[in-house]
Amino acid sequence: MTSKKNAAVSLARAASLCAVAGIISACGGGSDDSSIQPQTTPPPPPAVPTTPTTSVRFTNVTAQSNISFTQGYVGVADLSSVPNATGGNNLPQADFQQRFASGVAAGDYDQDGDIDLFIVRGNIGPNRLYRNDGNNAFTDVAAVAGLAFTRTSTSNYSHSGPSFADIDGDGDLDLFIGSISNDPPLLFANNGDGTFTNITQGSGIDQLDARGNISSAFGDYDLDGDLDLFVTHWGTSREQQDDTQHLWRNDSTDSQVLFTSVSMEAGISVDVLGPTPFGSALGPNVDYSFSPVFTDINNDGYPDILYAGDFNTSRVFINSQDGTFVNTTDLDVIIDRNGMGQAVGDYDGDGDMDWFVSSIYSQPDAQGNRNFEVGNRLYRNDGNGVFEDVTAETGVMDGGWGWGSCFADFNADGLLDIYHTNGWINGVTNAEFSNDTSRLFIANGEGQFTDQAADAGVDDPELGRGIVCADFDNDGDVDIFQAHQDPVNAGTLWRNDANPENYLTVRLQGTAPNTEGFGARIIAQVAGMTDQVREVTIGSNFTSQNPTWQYFGLGNVSVIDELRVEWLDGQETVLSDVNTGQVLTIRHPSL
C-alpha cells in the first residue's frame, strides 16, 4: 500500500504479531407504521450516478448444474393470513424465523481446487452437500458425508446460517450449522476423507440455548491463532443481565474442540439489547442481530466485530486488545433501521474496510407516503474505525427488501461492486415486496454505483435470502449462487460471462490453526492504478458466506507490480511482477 495509513497497518500488525404496526413485520423486517419515524429528518433521496462503462452479463445455469432442492419447514404458519396487529408478543417467534432462516456455506471442503456448497433446507428434507465437479456441475454427496440428516437418520433439525471454517486447525474445513425454533446448533469435524463427524457434544456449543442461531462468523479476535465464533440470535428473548451467547472463544486443545461463551466478559452482552429497538415487533429485551463479521476496521491489527441488526440494532464493536470490546456505534450515523445482510470491503480504494448493510426501501404509494424510507446504507470508513454514511451520494439506497449482500468485482475492472438479493411475502406489509428484483450495483469509478441487474440478467424476482459470490467454474470471474424460496427449486446459480483475461485469485495457506489465513490483508499494486486491498474474512452475507479466496479484477493489466500479504501475526509476503490470469496459492513465510 502506498498510504501512510497502510504503513501504519503493517507496523500495528508487527507490533501485536431489523414491526408492521406491531408483530407482523417481525419476520425479519421493520415497522411500516408511517406515523413513526426513525429519525428527525428523512435521509436524502438516492443519487443519480453516471453509468459505468464496463458491463457484465450473467447466465442462469442452474439446470445443468444439478443443483435442485426445495426449502421450508413442516408446519410453517401462513403469515399472509395473519392480520396486522399491535403488541403481538404472544405470536410465535419461530414462525417468523422460518420465513427468513435458511443458509449456505461455501468453501473447498474436499481440497480439490474449487468451491463447494453446503445448503440447509429447513426441516423438510435432507441437507445438501454439493461437491463441485468443475464446469458448474455439482453432485450432492451429503448422505455419504454424513450431513444429510442431523436429528435422526431420516429427519433434520430446523437449521440456519451454516459456515465452513477450520475449527480444529488441521487444514480442512469443518462445519458449524445454526438453528431456529429452539433446535440445537451443531459442529461437524471434517475427517479429511469426504466425511464429517458430529462433535457437538462436549464442545461448549451444546450449551448454546438461544431460540434462534441465525447466522455465524469466525475470526481470531484474541490473536491466539485459532478461530473464535460469533452467532446472531434474531427473535431470542433475553434479560439485560443475561449472557447473550454471541461470542464464543475457541479454547480447543490437540485432543478436544472446545468453545467458551465470553459475551459477558468481553462486553458484548451489555450492548446487544440496549434501549427498546425502534419499531421492534417483539418488544424490548429481544435480540435482533442478523449478520456478523470479524474485520479490522481501525487498522490496529486486531479484528473488530460488526453485525447488521433489525430495528436499529446494527452494532460496531472495537477490539480493546485485551479480550474485551467497546461499543462505538454512533446511532446518528448507523441508521440502517432494518439491517439484514452486510458486506465489508474497501470500495473506495483508501486501504480500509467500508461497510454495506442491506435494509428496506419502499416506493411511495398513491398518496405519496413511503412506509420504508431509510433503505440500504453504505458506511465509509475514515481509517480509524469511524464510519460516515455516504449512501445518498453513492446511489445504493433503493434495494427493496434487502437480504444477503456481497462486495465483489463482477466486471473485473478493479472496482468493488455490490450484489444483494431481496424480497418479502405478500400481505404482511402495506408496501409491496413480493416482486422485488435483486440488485447489482456496479461501481463507476467516481465513488458511485448504478444498478445494472436488469442489463446483467440477474434482476430475478425470487424471495432471496442467502447468497455466495465466488468463481465456481474457475474461469476468472465472480459467479453468484442465490438461495431463495421458489417452490420448485430454491437455488439459482448465475454464471458470470465476463471471462476476463486479466484477473488474480489468491488462496492463502496459513499456519495452523489459522490455516486459511483469516485476518490477512492482500494488497495488489499496479503503477497508475489505485491499490486494491482485500481482507480475508469468514463472515456472514446473511445466513451464508463467501469462501476465503480473494479475487482481483485487473482490467487491461497483465502483470501486478507488487502483491503483498500482511498476515495477522505481523509477518509479510511480498511478490513482484505477478502474472494475472491465474489462481495463486501463497503460503505463510513459516511454512
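Does Ser405 count as buried or exposed, and what is its relative accessibility? Ser405 counts as buried, because its relative accessibility is 0%, under the 20% limit. The model is a predicted one. The points below describe this residue and then the salt bridges.

**Surroundings of Ser405**
- Ser405 belongs to strand 24, which covers residues 402-408.
- Its side chain comes to 2.9 Å from the backbone oxygen of Trp403.
- Beyond its neighbours within four places in sequence, Ser405 is in contact with several residues, including Gly341, Phe356, Tyr419, His420 and Asn541.

**Salt bridge between Arg507 and Asp108**
- The structure has 16 salt bridges.
- One of them joins Arg507 and Asp108, whose closest N and O atoms are 3.2 Å apart.
- This pair links distant parts of the chain, 399 residues apart: Arg507 lies in strand 31 (residues 503-509), and Asp108 lies in the loop between strand 2 (103-107) and strand 3 (116-120).
- Arg507 is partly exposed, with a relative accessible area of 22%, whereas Asp108 counts as buried at 3%.

**Other salt bridges**
- Arg249, Asp251 and Glu265 are linked in a network of salt bridges.
- Within this network, the closest N and O atoms of Asp251 and Arg249 are 2.8 Å apart.
- Asp251 is partly exposed at 26% relative accessible area, and Arg249 is partly exposed at 23%.
- Arg380 forms a salt bridge with Glu388, with 3.0 Å between the closest N and O atoms.
- Arg380 counts as partly exposed at 24% relative accessibility, and Glu388 counts as partly exposed at 40%.

Terms used: Residues are numbered from 1 along each chain as its sequence is written. This is a predicted model: local features need pLDDT of at least 70, side-chain atom pairs count only at pLDDT 80 or more; totals for chains, interfaces and linings use all residues. Side-chain values use heavy atoms; hydrogens and water are left out. Helices (H or I, at least four residues) and strands (E, at least two) are DSSP runs, numbered from the N terminus. Buried means under 20% relative accessible area, exposed over 50%, partly exposed in between (1.4 Å probe, protein chains only). A polar contact is a pair of N or O atoms within 3.5 Å; within protein, one must be able to donate a hydrogen and the other to accept it, and residues adjacent in sequence count only if both atoms are side-chain atoms. Contact means heavy atoms within 4.5 Å. A salt bridge is a side-chain nitrogen of Lys or Arg within 4 Å of a carboxyl oxygen of Asp or Glu.
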